[in-house]
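The following paragraphs lead the reader through one protein chain, beginning with a single residue and widening to the whole fold. Please keep the sequence and the model in view while reading.

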Amino acid sequence: MRTINKFSMTLPSVSVNESFARAAISAFCVQLDPTIDELADIKTAVSEAVTNCIVHAYKEQIGNIYINAEIKSDHSITIKIRDKGCGIENIEQAMEPLYTTAGGERAGLGFAVMQSFMDGIKVRSSVSKGTTVILKKRISIRYSANGNQ
């Protein structure tokens, strides 16, 4: 698949940047003409991934969150959200619904939400080196009444 467009950004892991990341990805996705539901799905998954960086990766410190997005020729978007934080010791366990290392008010549903809203999710992580979450979503192609896209 050929890359049609891409962008990258780096944000500090502070809570106000979760909404900024959502807005930036949303603005970038608009060129694919997604439905409101498709856009909401993407924004929610990005929000969960960025929140994981803020809450889990860097714990009580500030670090960088790296976001890369690519629009592909198959009418899909791939979003990579990466940190250089503490990493995930057991990815399979971390992806189980209701599992959380944060305790308190955290529900442990971040990965489950990402999986339910995206067409694909991959997680790579190394303890003490960081985590990369790759989200993929294919956007439906809609046609006008005269058959044009």
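Predicted model: local features only at pLDDT ≥ 70, side-chain atom pairs only at ≥ 80, totals over all residues.

**From one residue to the fold**

Thr-51 counts as partly exposed, because its relative accessibility is 21% and a residue is called buried under 20%. This residue is found in helix H2.

H2 covers residues 36-57, which is 22 residues. From its first C-alpha to its last it reaches 30 Å, close to the 32 Å expected at 1.5 Å a residue. After H2 comes Lys-59, with a positive phi near 45°.

The view can now be widened to the chain. Its secondary structure consists of 4 helices and 5 strands, and these follow one another along the sequence in the pattern β-α-α-β-β-α-α-β-β. Of the 149 residues in the chain, 42% are buried. Among contacts with a separation of 6 or more, 64% are between residues 24 or more positions apart. The accessible surface of the chain comes to about 8,400 Å², and carbon and sulfur atoms account for 49% of it.

In what order do the strands of the sheet stand? The 5 strands form an open sheet in the order E1-E2-E3-E5-E4, with antiparallel pairing. Its edge strands are E1 (3-12) and E4 (120-126), each of which pairs on one side only. From one strand to the next, the twist averages 10°.

The pairings can be followed across the sheet. E1 and E2 run antiparallel and are joined by 9 bridges; at one place in this pairing, Pro-12 stands opposite Asn-64 in E2. E2 in turn pairs with E3 in the antiparallel sense, over 8 bridges, and here Asn-68 stands opposite Lys-80 in E3. The hairpin of E2 and E3 has 3 residues between its strands, and His-75 takes a positive phi near 70° in this hairpin. On the way to E4, the sheet continues from E3 to E5. E3 and strand E5 (residues 130-138) run antiparallel and are joined by 7 bridges, with Val-133 in E5 as the bridge partner of Ile-81.

Helices lie against this sheet. H2 packs on the sheet and touches E2, E3 and E5, and its direction makes about 10° with that of E3. Helix H1 (residues 16-29) lies across E1, strand E2 (64-72) and E3, running at about 170° to E1.

Strand E3 (residues 76-83) is also the place of Thr-78. Is Thr-78 buried or exposed? Thr-78 is buried, because its relative accessible area is 14%, which falls under the 20% cut-off. Leaving aside residues up to four places away in sequence, Thr-78 touches Asn-68, Ala-69, Glu-70, Lys-72, Ile-134, Leu-135 and Lys-136.

In soluble globular proteins, nonpolar side chains tend to be buried together. The largest nonpolar core here has 32 residues, and those with the most contacts inside it are Ile-42, Val-46, Ile-67, Ile-77, Ile-79, Ile-81 and Leu-135. At least two residues of this core are supplied by each of E1, H1, H2, E2, E3, helix H4 (110-117), E4 and E5. H2 provides the largest share, 8 residues.

Asp-33 lies in the loop between H1 and H2. Phi of Asp-33 is positive, near 55°, although the residue is not a glycine. With a relative accessibility of 45%, Asp-33 counts as partly exposed. Ser-128 has its place in the loop between E4 and E5, and it too is a residue other than glycine with a positive phi, of about 70°. Ser-128 is exposed, because its relative accessible area is 61% and the cut-off for exposed is over 50%.

Conventions
Residues numbered from 1 in each chain as written. Heavy atoms only, no water. Buried < 20%, exposed > 50% of the residue type's maximum accessible area, 1.4 Å probe, protein only. Contact = heavy atoms within 4.5 Å. Areas by Shrake-Rupley, 256 points an atom, 1.4 Å probe, with all protein chains shown as cover. Expected span 1.5 Å × (residues − 1). Pairing = 2+ DSSP bridges. Axes fitted to C-alpha atoms, helices over the stretch in contact; angles between N-to-C directions. Core = buried A, V, L, I, M, F, W, Y, C linked by side-chain atoms within 4.5 Å.
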